[in-house]
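Please look over the sequence and the structure before reading on.

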Amino acid sequence: QAKALGKNQFRIFDPKLAERQELRIRLQTELDIALKEEQFEVYYQPKICLNSNTLLEAEALVRWKHPLRGLISPLEFIPLAEETGQIHELGAYVFRSTCQFINELNTTLDKPVRIAVNVSVKQLLKESITQDFFDIIDTVGIKPNQIELELTESAVMENIVEARKAISAFQNRGINIALDDFGTGYSSLSYLAKLTINTLKIDREFIKDIPESEESKAICRSIISLAHSLGKSVVAEGIETEEQLAFLKQLNCDIAQGYYFAKPMNKEDYINFCKTQKTES
Ligand code: C2E
Ligand code: MG
Ligand code: MG
Ligand code: MG
């Protein structure tokens, strides 16, 4: 089709593409405004320790409260922000907000608190990222071990050299690292064994069809056994049913997260949730 149109005319008159490009440019401009006007809000979703049935920590998940379009999913604007470079400013905002929230929880809860932040590997490629994060931690005044970082498997494997460098710098300060969406990327097992990451997060893709899917169950079994053999802990994300929970408990999965326990919630709701929960002390 491109050839039929001739050189340089490829797709110029595709109205759908033009529309999409226009929307992209508009969103990019609107992202800038949103960053200035702080239209973002960080939500928090509990992670439960399966051994003790207690609240272990939370995952920070950003939402864009667009004044006209309403709530926009991170799946829509994170990839765009990664492409445009806006992820650096957005990522710093999410990280700072989370540190400030941890600080607030430290005084209101009087219990140990930890929150995991999703970090795009694009952010890790910035030389100053580790120092930038340490500065925020120190300025806010929380302990580094109250922060965990989630990095997606595929992005880490594609940038293994830079990722390893940043991972060990973070870990040297006591920050745990989790490999997110595990199983959906293309992991070299030899890289995985050499990576010092602390935790594997099984992607919801392999949880959602349990108990029906034998394949999903086999994959979960393998990931959990692989993680434990390598001395890493395992989180299952997207737990929605009692059966899924029972299956993962039976496999000695360490941590679970999903709508079955709680959906991501705003700060106020998370504080109230914490108050009703026992925590591991
Ligand atoms: P993720 O890190 O794998 O986060 C888990 C996603 O699964 C979240 O979607 C969460 O709301 C959703 N989830 C949790 N439990 C359940 C469940 O039981 N059922 C279902 N159907 N979904 C569940 P969310 O909040 O839309 O975030 C999507 C992705 O966007 C995240 O996937 C993460 O990759 C990215 N993301 C979110 N916040 C940030 C951020 O601050 N920075 C970066 N770089 N990425 C972020
Ligand atoms: Mg995550
Ligand atoms: Mg995940
Ligand atoms: Mg996922």
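A donor here is an N, O or S atom within 2.8 Å of the metal; water is not among the atoms, so sites may look incomplete. The model is predicted. Aspartate 180 bridges two magnesium ions, ligand 2 and ligand 3, and these ions lie 3.8 Å apart.

**Metal site**

- Four residues of the protein supply donors to the magnesium ion (ligand 2): Glu59 (OE), Asn118 (OD1), Glu150 (OE) and Asp180 (OD).
- These donors lie 2.0 to 2.2 Å from the magnesium ion (ligand 2).
- The spacing of the donor residues in sequence is E-x58-N-x31-E-x29-D.
- Asparagine 118 belongs to strand β4 (residues 115–118) and aspartate 180 to strand β6 (residues 176–182), so the pair links distant parts of the chain, 62 residues apart.
- Aspartate 180 counts as buried because its relative accessibility is 5%.
- Asparagine 118 has 30% relative accessibility and therefore counts as partly exposed.

**Fold and dimensions**

- The protein contains 12 helices and 9 strands.
- The C-alpha trace spans about 65 × 45 × 35 Å along its principal axes.
- Among contacts between residues at least 6 apart in sequence, 67% join residues at least 24 apart.

**Surface and charge**

- Of the 281 residues, 47% count as buried.
- The protein exposes about 14,700 Å², and carbon and sulfur atoms supply 50% of that area.
- There are 33 positive and 41 negative side chains, with the centres of the two sets 2 Å apart.

Key
Residues numbered from 1 in each chain as written. Chains lettered and ligands numbered in written order. Predicted model: local features only at pLDDT ≥ 70, side-chain atom pairs only at ≥ 80, totals over all residues. Heavy atoms only, no water. Helix = DSSP H or I, 4+ residues; strand = E, 2+ residues; numbered from the N terminus. Buried < 20%, exposed > 50% of the residue type's maximum accessible area, 1.4 Å probe, protein only. Contact = heavy atoms within 4.5 Å. Areas by Shrake-Rupley, 256 points an atom, 1.4 Å probe, with all protein chains shown as cover. Lys, Arg positive; Asp, Glu negative; His and termini not counted. Charge placed at Lys NZ, Arg CZ, Asp CG, Glu CD. Donors = N, O, S within 2.8 Å, 3.2 Å for Na, K, Ca; no water.
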